[in-house]
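Below are some notes for a colleague who is opening this entry for the first time. Please read them with the sequence and the model in view.

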There are 2 protein chains.
Amino acid sequence: MTRDADGAAPLVPPPGETPVVVLVNPQLADNIGATARAMANGGLFHLRLVAPRDGWPQPRAWAAASGADRILDAATLHPTLEDALADCHRVLATCPRPRHVVVPVLTAREAARELRDVAARELRAALLFGPERAGLTAEDLARADTLVRFPLNPDFNSLNLAQAVMVMSYEWCTAEDATPPRAFQTHGTRIATKGELDNFMGHLVAELDASGFLRNAPKRAGMVRNLRHWFGRGEVTEQELRTLHGVVAELSRGRMVRGRAEPAAPHEAED
Amino acid sequence: MTRDADGAAPLVPPPGETPVVVLVNPQLADNIGATARAMANGGLFHLRLVAPRDGWPQPRAWAAASGADRILDAATLHPTLEDALADCHRVLATCPRPRHVVVPVLTAREAARELRDVAARELRAALLFGPERAGLTAEDLARADTLVRFPLNPDFNSLNLAQAVMVMSYEWCTAEDATPPRAFQTHGTRIATKGELDNFMGHLVAELDASGFLRNAPKRAGMVRNLRHWFGRGEVTEQELRTLHGVVAELSRGRMVRGRAEPAAPHEAED
């Protein structure tokens, strides 16, 4: 049983129907292994191989799978694409430049939504990827009811096989992901309130008044405002604010020890 | 100058600021090459290498880049991460499990939106990726103002380096992509109208009436409805409809030639 670096849960087939990844005539065992790894990353499990060029199994695939061994162990070998698709209800084929086809063409993201819909209906979908060099043939594509296009750089849109699997696997996974797009972790601390920030600003301004930094009366309000803008620009945690209080106190102590022997030069506010 | 398989436009730096990809202590030249290819796929161009384990340049990287040579040719070598980031305004670091950090954590998709915003302001963003085995150190992460998490399979979330670059490159590209999620190409033909479909249904039903297939009067309406449901389920092109007219005519001709010597058995409608 394969565990990830943290000894997390073993890699097991996900419950219910999940899309089957079908590699048609894959050439390189490294790519088959990298495909298994990419599938594991996205939570896909079922791999079917149609007539791999160099036969099957190939040890190099396991070496390239970085622990996604169970996907390779469970992979099935098929003499023809027809055989690999016989028990599937939907067939989506990746195709960089669909031409002369009269089937729907979806973006990878939309295809992932469709795959989720199909899986929710307990139907089995297959996701076809062609051989590294040539891609799927017109005959292969005729077995697909839907094509998938990756909207990538039109000047350089030939994806490595495992990279193409990664994009679909990633989209499959994110199609039902509930991670908030933006988070802010505050391990053991919390975001400071505006009151706490005002308290700090009071401390800072009092010390700056005492030092003479704010002695230019007409510019004082603007300088304080500039400082407030800077300290208020991003969220500050309560712990960071305590550290900042300490920094102000520490720097002020040095000044007081010197007994104002060297008063600070008046600074110009930047307006 | 590198051209893709179709002899499309050469791979040139995109105009304006685009994010810089920074690989920190990459171990394998293959991964550096695969990174360049993934960058080209997504329209990224600027690659910086911080102290690659096996030195630089390495011919294997060019072999793995599948034509993204210009990105490798233009890649710059840096002794330290500090050096690589000196002219950058924003630093995003990929991190599978952000811990004990007090910076914003974005999903890959949200990070791509942020990268587009930064680029639109003519600021330079860096996207950091750590070495294959260990990932970025806490010291490296402290140089990032934002972390990026890929919401993938929590039981298997260790991505290959070039796969991680692929996901970010893909998200960068799709963040401004206007491809309709769902298209239906009808090269040289067009979607048939409901009137054309009705015309075909009329042809079919007339032939089925003539053949005796619909002779069961109480079930006739239901059978016609079932056929209409089937023919109406997906969009039909005008060309496909002409072919179907031909099929009906051809099959009917056979029947007429036989002169109804073998009348068809009455079929049951499936209700």
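Is Asn25(A) buried, partly exposed or exposed?

1. This is a predicted model. Asn25(A) has a relative accessibility of 33%, so Asn25(A) counts as partly exposed. The residue sits in the loop that runs between strand 1 (20-24) and helix 1 (29-42) of chain A. Most residues other than glycine have a negative phi.

2. Glu122(B) also has a positive phi, near 60°, and is not a glycine. Glu122(B) lies in the loop between helix 5 and strand 6 (125-129) of chain B. With 54% relative accessibility, Glu122(B) counts as exposed, because the cut-off for that class is over 50%.

3. Two cis peptide bonds deserve a look. In chain A, the bond from Trp56(A) to Pro57(A) is cis, with omega near 0°. Pro57(A) belongs to the loop between strand 2 (46-50) and helix 2 (59-64) of chain A. In chain B, Trp56(B) and Pro57(B) are joined by a cis peptide bond, with omega about 0°. Pro57(B) is in the loop between strand 2 (46-50) and helix 2 (59-64) of chain B. Most peptide bonds are trans.

4. On chain A as a whole: its secondary structure consists of 10 helices and eight strands. Of its 271 residues, 46% are buried. Of the contacts between residues at least 6 apart in sequence, 82% join residues at least 24 apart. The accessible surface of chain A is about 13500 Å², and carbon and sulfur atoms account for 54% of that surface.

5. Next, the interface. Here 63 residues of chain B are in contact with 63 residues of chain A. The two chains bury about 5200 Å² between them, with 51% of this area on carbon and sulfur atoms. On the chain B side, Val102(B), Phe156(B) and Tyr170(B) lose the most area to chain A, together 14% of what that side buries.

6. Six salt bridges are counted between chain B and chain A. Arg182(A) forms a salt bridge with Glu114(B), with the closest N and O atoms 2.6 Å apart. Across the interface, 27 residue pairs are in polar contact.

7. Several elements of chain B give two or more residues to the side that touches chain A, including strand 5 (104-107), helix 5 (108-120) and helix 7 (161-174). Helix 7 of chain B gives the most, with eight residues. By class, that side of chain B has 31 nonpolar, 18 polar and 14 charged residues.

Conventions:
Residues are numbered from 1 along each chain as its sequence is written. Chains are lettered from A and ligands numbered from 1 in the order in which they are written. This is a predicted model: local features need pLDDT of at least 70, side-chain atom pairs count only at pLDDT 80 or more; totals for chains, interfaces and linings use all residues. Side-chain values use heavy atoms; hydrogens and water are left out. Helices (H or I, at least four residues) and strands (E, at least two) are DSSP runs, numbered from the N terminus. Buried means under 20% relative accessible area, exposed over 50%, partly exposed in between (1.4 Å probe, protein chains only). Contact means heavy atoms within 4.5 Å. Accessible areas come from the Shrake-Rupley method with a 1.4 Å probe; for residues, only the protein chains shown count as cover. Buried area is the accessible area (1.4 Å probe) that two parts lose on being put together, summed over both. A salt bridge is a side-chain nitrogen of Lys or Arg within 4 Å of a carboxyl oxygen of Asp or Glu. A polar contact is a pair of N or O atoms within 3.5 Å; within protein, one must be able to donate a hydrogen and the other to accept it, and residues adjacent in sequence count only if both atoms are side-chain atoms. Ala, Val, Leu, Ile, Met, Phe, Trp, Tyr, Cys and Pro count as nonpolar, Asp, Glu, Lys and Arg as charged, and the others, Gly among them, as polar.
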